Amino acid sequence: MTWSRVLVLCCLWAVVLLAAENRQKLRADELRREHYEEQRNEFENFVEEQSDEQEERSREAVEQWRQWHYDGLHPSYLYNRHHI
């Protein structure tokens, strides 16, 4: 085997190793991106649930206030709307 063939084989081997390393890096980047996307989705779901719970508590508080102050003379949904 001549030195030129040895050199060509070494270069090809180096290209194969670099390609494998690049595939590993791309796979690691993909896994990292999927992980961060999953974390972001979980956080968005958490924030949405918190917002929904806060809205429900607020709605319940308003409803309780309306029931407490309802005088029985007017429909409760028209409470405090004197200028219809």
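Me: Hi! Where does Val8 lie?
Reply: Val8 is part of helix α1, which covers residues 3-69. Helices here are DSSP runs of H or I with at least four residues, numbered from the N terminus.

Me: What kind of model is this, and how are residues numbered?
Reply: This is a predicted model, where local features need pLDDT of at least 70, side-chain atom pairs count only at pLDDT 80 or more, and totals for chains, interfaces and linings use all residues. Residues are numbered from 1 along each chain as its sequence is written, and side-chain values use heavy atoms, with hydrogens and water left out.

Me: Thanks! Back to Val8: why does Val8 count as partly exposed?
Reply: Because its relative accessibility is 49%. Buried means under 20% relative accessible area and exposed means over 50%, with partly exposed in between (1.4 Å probe, protein chains only).

Me: Which residues form a nonpolar patch on the surface?
Reply: Val8, Leu9 and Leu12 do, and together they have about 280 Å² of accessible area. That area comes from the Shrake-Rupley method with a 1.4 Å probe, and for residues only the protein chains shown count as cover. Patches take residues with over 30% relative accessible area and no salt bridge; nonpolar side chains (Val, Leu, Ile, Met, Phe, Trp, Tyr) are joined within 5 Å, like charges within 9 Å.

Me: New topic: how many salt bridges does the structure hold?
Reply: Four. A salt bridge needs a side-chain nitrogen of Lys or Arg within 4 Å of a carboxyl oxygen of Asp or Glu.

Me: Nice. Which residue does Lys25 form a salt bridge with?
Reply: Lys25 pairs with Glu21, and their closest N and O atoms are 3.6 Å apart.

Me: Why are those two separated by about one helical turn?
Reply: Because Lys25 and Glu21 are four residues apart in helix α1. Lys25 is partly exposed at 48% relative accessibility, and Glu21 is partly exposed too, at 37%.

Me: And what about Arg27? Which partner does Arg27 have in a salt bridge?
Reply: That would be Glu30, with 3.5 Å between the closest N and O atoms. Both lie in helix α1, three residues apart, about one turn of the helix. Arg27 has 45% relative accessibility and Glu30 has 32%, so each counts as partly exposed.

Me: One more: how far apart are N and O in the salt bridge of Arg32 and Asp29?
Reply: The distance is 2.8 Å, N to O. Arg32 and Asp29 also sit three residues apart in helix α1, about one turn. Arg32 is partly exposed at 42%, and Asp29 is partly exposed at 35%.
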